[in-house]
Amino acid sequence: MAKAAIMARSATAGDGALADAGGPALRDDKDNSSNMNRREARQPRIAIADLAREAEAAQTVGDFTATDPVITVRGCNVWYGETHALRDINLDIGRNEVIALIGPSGCGKSTFIRCLNRMNDTIETARVSGEFRMHGEDIYDRKTDVVLLRARVGMVFQKPNPFPKSIYENVAYGPRLHGLAANRAELDEIVHSSLRRAGLWDEVKDRLEEPGTGLSGGQQQRLCIARTIAVSPEVILMDEPCSALDPIATARIEDLIDELSQNYAIAIVTHSMQQAARVSRRTAYFHLGRLVEVDATDKVFTNPGHKLTEDYVTGRFG
Ligand SMILES: Nc1ncnc2c1ncn2[C@@H]1O[C@H](COP(=O)(O)OP(=O)(O)O)[C@@H](O)[C@H]1O
Ligand SMILES: [Mg+2]
């Protein structure tokens with residue numbers, strides 16, 4: 001509908017003198033029209049074409065809603081000082097779904113997921129507007145407990161970042177902070193089960209008191225995942241969680257994502273389209289701060305609805 005309207009506008013812009021600026025029809029025009037008229041004819045053409053491009057990119061192709069949403073985002077805009085990093089993003093994240101966020105570097109993927117647990121609050125120049133809800137509650141409400149929010153909406157970063165503490169203490173930190181265990185036995189239980197669910201237990205069960213930083217990169221990332229799930233989140237945000245890992249460690253994390261999706265909603269930023277195709281049910285394609293397309297992963301990779309998406313997934317740029 002909106003696309004048809006845009007095309008209609010482009011067609012209007014395209015007829016008559018606006019057809020081809022600088023083309024022979026304009027250059028050879030020796031009739032009554034003055035230079036002034038020519039300039040006027042040219043200016044709106046450029047403006048309308050730009051507007052049409054803007055509007056076309058602004059219209060997200062596909063379905064940004066989820067049937068059983070945990071998080072709903074409407075009209076998300078983010079600025080860093082003068083830089084308008086995200087424009088009018090609408091997107092739901094559904095219960096127990098894995099959604100992949102893809103797109104060229106700098107298109108706003110990290111910025112977007114940081115909005116969901118208010119990590120952008122920590123960036124002085126960042127300004128966020130729009131509506132962000134978790135189960136209908138306003139994430140940006142003044143009364144929102146941000147520490148609790150970041151437990152409910154956990155985050156795993158590109159570079160594994162274990163605390164300089166023991167393996168045990170890395171995982172116990174959150175449950176302690178949030179008072180989730182009444183005694184040491186309960187805390188042990190949370191730590192052990194989190195390490196099991198993160199697929200790390202067998203490798204570390206005999207050295208829980210050793211520093212987390214002594215583990216391999218892949219193990220450290222699983223430790224960070226254990227730390228995240230130890231506080232019983234509902235949503236896990238992963239920002240390129242495998243880009244610092246070798247293929248074997250990556251495969252382990254991907255298996256883990258698959259298992260975790262039975263209990264958590266996961267939004268994963270990835271530069272690997274193969275990874276997005278392997279782990280996600282839905283894929284969102286960002287471009288220059290816009291959400292260009294979001295749909296079932298199969299659809300986005302095999303039959304994208306937007307030219308920009310197609311160019312990206314076929315490797316024409318990125
Ligand atoms: N802390 C920041 N301060 C200023 N600009 C930032 C900051 N973080 C990101 N940006 C800018 O916002 C845009 C989106 O960046 P980002 O969300 O990191 O993209 P992506 O994760 O897709 O690579 C880029 O233009 C980037 O330079
Ligand atoms: Mg990023």
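Gly-62 lies opposite Val-294 of strand β11, in a model that is predicted. Strands here are DSSP runs (E, at least two residues) and helices likewise (H or I, at least four), numbered from the N terminus. Residues are numbered from 1 along each chain as its sequence is written, and chains are lettered from A and ligands numbered from 1 in the order in which they are written. Local features need pLDDT of at least 70 and side-chain atom pairs count only at pLDDT 80 or more, while totals for chains, interfaces and linings use all residues.

**Strand β11 and its partners**
- Strands pair if DSSP finds at least two bridges between them.
- Strand β1 (residues 61-62) runs parallel to β11, with two bridges.
- Strand β10 (residues 282-287) is antiparallel to β11 and joined to it by six bridges; Tyr-285 has Glu-293 as its bridge partner.
- Two residues separate β10 and β11 in a hairpin, and Leu-288 in the turn has a positive phi of about 45 degrees.
- Because six of the seven residues of β11 (residues 290-296) are buried, this strand is largely enclosed by the rest of the structure.
- A residue is buried if 20 or more other C-beta atoms, placed from the backbone, lie within 10 Å of its own.

**Overall fold**
- The chain contains 13 helices and eleven strands.
- Of its 318 residues, 38% count as buried.

How values were computed. Buried ≥ 20, exposed ≤ 12 C-beta atoms within 10 Å, placed from the backbone.
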